[in-house]
Amino acid sequence: MVHYVLLKFVPGADLDAAEARVRQTYNALAEALPYLNGPRVYRSCVERDSNADIMVELLLDDESCLQPYLTHPLHLQMARDMQDVLAGKTSFDHS
């Protein structure tokens, strides 16, 4: 299963720091979770209101792996740490 996460940050947010944090967290998750593979983090090259600022693409072995990944402490801590600078998030999954 492929899982995408699209993150939109508030105006003025430090996108360099956000990108570094997202990369660090997903790399740590890939090490900690054998069913989470190949996380890729992308940063938008065009600043537009309708664009996400950062997109994450990762492979999960199957749909049953989604909930354990979402509730993993590393994922939850990143979400808490970014809650003040995150304007919105969207996810998309496909098999």
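Helices (H or I, at least four residues) and strands (E, at least two) are DSSP runs, numbered from the N terminus. The model shown is predicted, with local features needing pLDDT of at least 70 and side-chain atom pairs counting only at pLDDT 80 or more, while totals for chains, interfaces and linings use all residues. Residues are numbered from 1 along each chain as its sequence is written, and side-chain values use heavy atoms, leaving out hydrogens and water.

**View 1. Leu6 in strand β1.** Our tour starts with Leu6, which lies in strand β1. Leu6 is partly exposed, at 28% relative accessibility; partly exposed is the class between buried (under 20% relative accessible area) and exposed (over 50%), using a 1.4 Å probe and protein chains only. Not counting residues up to four places away in sequence, Leu6 touches Ala52, Ile54, Met55, Gly88, Lys89 and Thr90, where contact means heavy atoms within 4.5 Å. For a sense of scale, Leu6 and Pro73 are 20 Å apart in space, C-alpha to C-alpha, and 67 residues apart in sequence.

**View 2. His3 and its surroundings.** Here we stay with strand β1 (residues 2-9), which also holds His3. The relative accessibility of His3 is 3%, so His3 counts as buried. Its side chain makes a polar contact of 2.3 Å with the side chain of Asp93. A polar contact is a pair of N or O atoms within 3.5 Å; within protein, one must be able to donate a hydrogen and the other to accept it, and residues adjacent in sequence count only if both atoms are side-chain atoms. Beyond neighbours within four places in sequence, His3 is in contact with residues including Val56, Leu58, Tyr69 and Phe92.

**View 3. The buried face of helix α3.** In helix α3 (residues 73-82), the buried residues are His75, Met78 and Met82. Looking down the α3 axis, these buried residues fall within an arc of 65°, so they line one face of the helix; the arc is that of the directions from the helix axis to the C-beta atoms. An α-helix has 3.6 residues a turn, so residues three or four places apart point the same way. The buried residues of α3 pack against β1, α1 (15-32), α2 (66-70) and β4 (86-94).

**View 4. Helix α1 against helix α3.** The two helices pack at an angle of about 170°, and their axes are 10 Å apart. This makes α1 roughly antiparallel to α3, a label for angles over 145 degrees. The contact involves, among others, Ala18, Val22 and Leu29 of α1, together with Leu74, Met78 and Met82 of α3. Axes are lines fitted to C-alpha atoms, for helices over the stretch in contact, and angles run from 0 to 180 degrees between N-to-C directions.

View 5. Asp16 is found in helix α1 and is exposed, with a relative accessible area of 54%. A polar contact of 2.7 Å joins its side chain to that of Arg43. Asp16 and Arg43 are 27 residues apart in sequence and 9.4 Å apart in space, C-alpha to C-alpha. Glu19, also found in helix α1, counts as buried at 16% relative accessibility. Leaving out residues up to four places away in sequence, Glu19 touches Val41, Arg43 and Ile54.

**View 6. Cys45 and Cys65.** Cys45 is exposed, with a relative accessible area of 77%, whereas Cys65 is buried, at 8%. The structure holds 0 disulfides, a disulfide being a pair of cysteine sulfur atoms within 2.5 Å.

Conventions:
Parallel < 35°, antiparallel > 145°, perpendicular 65-115°, else oblique.
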